[in-house]
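I opened my notebook to look up a few things in a structure and wrote down what I found. Come and read along with me.

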Amino acid sequence: MAHFLTSTLPALLRALPSTFSTFASQARRSPHNTASAFMAIIQHIPGALKARGSALVALVQNELWDPLAFACIVAWFCFQVVLERLLPGEVALGVPLLGAEGLRLPYKLNGHLAFWISLLLLVHGCPRFAVPVEDEGILPTIVGDEGDEQFVYTASAAGDAVLQHAGQAANGAIPVLGELTGFGPFPLEKLYDHFPQFAFAAVVFSFGLSLLLYLASFRKGARLADGGRSGNVMYDFYMGRELNPRLGSFDWKYFCELRPGLIGWVALNMGMLMKQQQLQAVTGEPPSWPLVLVNVFQGWYVLDALLNERAILTTMDITTDGFGFMLAFGDLAWVPFTYSLQARYLVGRPVSLSTYALAGLSAMHLVGYWIFRQANSTKDAFRRDPTSVPHVRYMDTIRGTKLMVSGWWGWARKINYTGDWLMALAWCGLCGPTHVLPYFYAIYFGILLVHRAARDDHLCSLKYGADWQKYKKEVKWLFLPGIY
Ligand code: NDP
């Protein structure tokens, strides 16, 4: 890792200026197709890697690739598939597919059940087997190094096992070696200890899945996405060729959007909390409030997405984008492993925030959530039946679908993004003001939302033509009334 940081990484960074100038000029020429500019970056990378390839291979072999971490990622994915298949759920129809004579695909809605069962399994599903006391090799405390800092902690789970053995021995009920003695939490703190290996395994998995989907998209009858059939292999692989790849009634894109990655994000956050508890076991300190609140707020955000699973059927990810590397990587690797950054940051850093700061950040989260949920639910209800929200004014369009111009959607055209971003800022704020790193999420997410808003604006101007300009005159602001 050290060689990579001191030699390979600087070489790659030296290649960045020319790469980004190509990106900027491409993006300027075609502002609504930044994806092709992004591809220009990817095409620069092989050249930059060539000279330093062996260091990178060594890094992967020695530090990143861990078969056990990969097996865990595959097992987690398969477990989520089993839940999706077996749990009961209402079946909802997606929007009519373009050019398919009104065909609407069915989707099973049981994500929130999968969420609760996953949590139950993570907290109570790990089998415990009897082991000889003398084999435990327990030290009362262990001193460990984490970067520059030193921590003292006890191996509490193993310690509990020893006490349990002692208690059982005293009662004359000594379990047989290897006998199942009960169930407990999975050792999720390992997600902290082996974070880079798990993240790398998720990247490899999403790459493999996208490759299979890309190859499968050449079969006869596959319905292709508009954005994924350029003929450029790399571009199409990245954007995704097939619109709704399915195996029977199992929809790969819909499944990946909300299940393994999002619930995996919650599991990662729990792992960070367990790691902090392990580190603080010696001093007996309780878990820190900021880390507890990050777990609660982000878990709530994920549960909300799963409870409102139906709403995803009208998003452009489902209706417009193909399922390729962009979405597979985003859903399975990027979201869980970068969105859990605040929790990871808080593990070894005792950020102490005043009660006022904690209350202020909680209020910011609540306000953000309120705006986000109200706006998205109103739009969802309005799209399904405009008469269900009679208080909302709307304008008719030549396209046939109406556009809301009052209520939340009269304040700003992307007021739902504003609420979402406020929540993001509250989560980052829980990490305190001393380091910019945990604010990465708010910065990245802000850029994503601005880009997504521009992309949607472009798509809507194509869908609605002159009516869209009329609508923009009526609802002038994009994110914040009176400001932007
Ligand atoms: P929107 O929910 O804003 O959906 C855009 C579509 O809504 C438009 O294409 C249009 O489609 C319809 N629409 C736009 N304005 C109106 C109006 N005034 N009246 C009625 N319909 C309108 O965007 P997204 O799907 O991008 O986002 C959904 C949520 O997901 C957001 O809250 C966003 O913050 C969140 N999100 C979160 C991400 C994360 O990583 N955490 C990533 C991406 C999104 P049509 O007219 O064809 O129905």
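**Entry 1**

I began with R455, which counts as partly exposed at 22% relative accessibility. For my own use I noted the cut-offs: buried means under 20% relative accessible area, exposed means over 50%, and partly exposed is in between, with a 1.4 Å probe and protein chains only. I also reminded myself that this is a predicted model, where local features need pLDDT of at least 70 and side-chain atom pairs count only at pLDDT 80 or more, while totals for chains, interfaces and linings use all residues. Residues are numbered from 1 along each chain as its sequence is written, and side-chain values use heavy atoms, with hydrogens and water left out.

Which residue does R455 form a salt bridge with? I found D321, with the closest N and O atoms 2.6 Å apart. (A salt bridge is a side-chain nitrogen of Lys or Arg within 4 Å of a carboxyl oxygen of Asp or Glu.) R455 lies in helix 20 and D321 in the loop between helix 14 (316-319) and helix 15 (325-339), so the pair ties together parts that are 134 residues apart in sequence. Helices here are DSSP runs of H or I with at least four residues, strands are runs of E with at least two, and both are numbered from the N terminus. D321 is buried, at 5% relative accessibility.

I then searched the whole structure and got 15 salt bridges. One of them joins K472 and D457, whose closest N and O atoms are 3.1 Å apart. This pair links distant parts of the chain, as K472 is in helix 21 and D457 in helix 20, 15 residues apart. K472 is partly exposed at 22%, and D457 is partly exposed with a relative accessible area of 22%.

Next I looked at D251, found in strand 8 (residues 250-251). Its side chain meets that of R246 in a salt bridge (2.9 Å, N to O). Is D251 buried or exposed? At 3% relative accessibility, D251 counts as buried. R246 counts as buried too, at 19%. A polar atom of the D251 side chain also lies 2.9 Å from the backbone nitrogen of Y254.

**Entry 1: around the ligand**

Then I checked some side-chain atoms. A polar one of K463 is 2.7 Å from a ligand oxygen atom. An N or O atom in the side chain of N416 is 3.1 Å from an oxygen atom of the ligand. For Y471, a polar side-chain atom lies 3.0 Å from a nitrogen atom of the ligand. How much of the ligand's accessible area does the protein cover? I wrote down 86% of the 920 Å² that the ligand has on its own. Accessible areas come from the Shrake-Rupley method with a 1.4 Å probe.

I ended with I483, in the segment after helix 21 (466-474). I483 is exposed, with a relative accessible area of 63%.

Methods
A polar contact is a pair of N or O atoms within 3.5 Å; within protein, one must be able to donate a hydrogen and the other to accept it, and residues adjacent in sequence count only if both atoms are side-chain atoms.
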